[in-house]
Protein chains: 2
Amino acid sequence: MHTDLVAALDIGGTKIAGALVDGRGRILARAQRPTPAQEDGETVMRAVEAVLGELRGSPLWRSARAVGIGSAGPVDASAGTVSPVNVPGWRDYPLVARVRDEAGGLPVELIGDGVAITAAEHWQGAARGHDNALCMVVSTGVGGGLVLGGRLHPGPTGNAGHIGHISVDLDGDPCPCGSRGCVERIASGPNIARRALADGWRPGPDGDASAAAVATAARAGDPVAAASFERAARALAAGIAATATLVEIDIAVIGGGVGKAGEILLAPLRRALAEYATLSFVRRLVVAPARMGTDAGLVGAAAAALARRADTAALGV
Amino acid sequence: MHTDLVAALDIGGTKIAGALVDGRGRILARAQRPTPAQEDGETVMRAVEAVLGELRGSPLWRSARAVGIGSAGPVDASAGTVSPVNVPGWRDYPLVARVRDEAGGLPVELIGDGVAITAAEHWQGAARGHDNALCMVVSTGVGGGLVLGGRLHPGPTGNAGHIGHISVDLDGDPCPCGSRGCVERIASGPNIARRALADGWRPGPDGDASAAAVATAARAGDPVAAASFERAARALAAGIAATATLVEIDIAVIGGGVGKAGEILLAPLRRALAEYATLSFVRRLVVAPARMGTDAGLVGAAAAALARRADTAALGV
């Protein structure tokens, strides 16, 4: 019996992953295609159709009751469209209607990828049991999502929790988003590496100039490399403290490639958080590393579809 | 028939106001005392008791079903305590239990004053009909509150929406709260006046060096005075944009004494908001002046008590 199976899609700039997921979050079938990110919109959609077609070939498909999509953003859940920055062929692309057609009319729930990761961490990961949480991905970009009052808070368009693009330095460097001093502009992997290089850090013989290489150098005692992580930690702390001060969260979960840098990031982050999170009701806030792995996007998309089904059932419709 | 009357208390550093309010937000009885803010906690409580005693003397009191309190913060709704910055005699003071005793055991709902103003603006003011709103008071301090998904979002401790103490300048000036570069540190009335004076503005013959006097000078064409308001507007815009990017709001309502400065604040605020609120889902955000007057705190405290009663009724308890 799989009365609560849902299909999940995790759509990013590199790959399109799909799965059939049960009510406990177990992945029972999988499919995946590379994202033809630079092709036209219909070509990208054919890759989504190939993933869905493979899932429909599973004998479990007939138990699927809904489809959850976590997509690179921005998304517009109210319109059912997506405009992923890294997929230029999709602008206001009607993904929900297209997926609904491909899925035989099943209800489709769309959320941003940061919201999906958050749903997964809240369901089964580091934010489990926390009614008010911020979950972040610190990687090539900085994304996130919120749990408020025990429930996922996607916001009306599915984009809430976009902590990477809040300004913590109103006179700071221009960000590609058009604003200035955004958390992502200071704390993303490429910006950690860029700042280290600008301040005189040099990669080793292998030429690796990534944030991971900067982390290795920082662990080995390089002060310029460590300072670049400290600056990133300070921006993340200001952003996390702002979030806690605005909506009251008790945990911030940090994942993604930069998040995996461990104490070289987390130790200065905890110190900086004590500086910025000063009001009585935010002082107990804790920071924890993410626990979900590469399936977080799929599991979170499934969670959103299941939560919507539960709401709908509770409403008697 | 007044089956839905509630008592409301608005507790600030200057006055303690009370009222009996009906289900449409009309104030049917009032009482008020000055806050003996520098006295010991029991003396302050006696002023609250005097206000409640006067309300209990009204023939309408027997229709009161709950008490709503909006208090200067921080508050702790989960513990039922308050620790108003400007009332040093109250630290973790058990206000909810004390008011419940004075009110014959009626249920008591506690929220912060920024949350109360927000409840009032959402019920009857500029945020009416908006499911996702930030309401702010820009005055001696900068406070606020949030409506999310059509409902007030006080947060677990009743303090959510504290936009005055998010940092928009992570290397900025120290704030009395212990953090740096807070919105309040840049945009409050005293800081607008302080910055204008530091940059060379001088008050007129009446010696008035308040933010209101700076606003008058700015309207008369004084560039230093105008620049101080522009800087405040920039900090407010960064904070509002951060809020919209984090939780998706479609309106920011601005009240308080500085908010009343009008276009000398709002025009540069709208310009700066276009710079900081860049993502697709926050671009439609509008800024509007507050519509509720000096009764906003009372009306909002009543709204919170009525909303809690409605929730409780819906749960069948």
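Visitor: Where is B:E248 found?

Guide: B:E248 sits in the loop between α7 (223–247) and β11 (251–255) of chain B. Keep in mind that this is a predicted model.

Visitor: Why does B:E248 count as buried?

Guide: Buried means under 20% relative accessible area. B:E248 has 3% relative accessibility, so it counts as buried.

Visitor: What is the phi of B:E248?

Guide: Phi is near 65 degrees. That is a positive value, in a residue other than glycine.

Visitor: What about A:E248: is it buried or exposed?

Guide: Its relative accessible area is 3%. The cut-off for buried is under 20%, so A:E248 is buried. Its phi is positive too, about 65 degrees, although A:E248 is not a glycine. The residue lies in the loop between α7 (223–247) and β11 of chain A.

Visitor: What makes the peptide bond from A:G73 to A:P74 cis?

Guide: Look at omega: it is near 0 degrees, and the bond is cis. A:P74 belongs to the loop between β4 (67–71) and β5 (75–76) of chain A.

Visitor: Which residues of chain B does a cis peptide bond join?

Guide: B:G73 and B:P74, with omega about 0 degrees. B:P74 lies in the loop between β4 (67–71) and β5 (75–76) of chain B.

Visitor: What is the strand order in the open sheet of chain A?

Guide: Five strands run in the order β10-β9-β8-β11-β12. The pairing is mixed.

Visitor: What makes β10 and β12 of chain A edge strands?

Guide: Each pairs on one side only. β10 covers 151–152 and β12 covers 286–289 of chain A.

Visitor: How do you know that β9 and β10 of chain A pair?

Guide: Count the bridges. Pairing takes at least two bridges between the strands. β9 (residues 142–148) and β10 of chain A have two bridges, in the antiparallel sense. They therefore meet the cut-off of at least two. In one of the bridges, A:V147 has A:L152 of β10(A) as its partner.

Visitor: What holds paired strands together in general?

Guide: Strands of a sheet pair through backbone hydrogen bonds, either parallel or antiparallel.

Visitor: Which strands does helix α3 of chain A lie across?

Guide: Helix α3 (residues 113–124) lies across β8 (133–138), β9, β10 and β11 (251–255) of chain A. The helix runs at about 50 degrees to β9(A).

Visitor: And where does helix α9 of chain A lie?

Guide: Helix α9 (residues 263–276) lies across β11 and β12 of chain A. Its angle to β12(A) is about 165 degrees. Angles here run from 0 to 180 degrees between N-to-C directions.

Technical notes. Residues numbered from 1 in each chain as written. Chains lettered and ligands numbered in written order. Predicted model: local features only at pLDDT ≥ 70, side-chain atom pairs only at ≥ 80, totals over all residues. Heavy atoms only, no water. Helix = DSSP H or I, 4+ residues; strand = E, 2+ residues; numbered from the N terminus. Contact = heavy atoms within 4.5 Å. Buried < 20%, exposed > 50% of the residue type's maximum accessible area, 1.4 Å probe, protein only.
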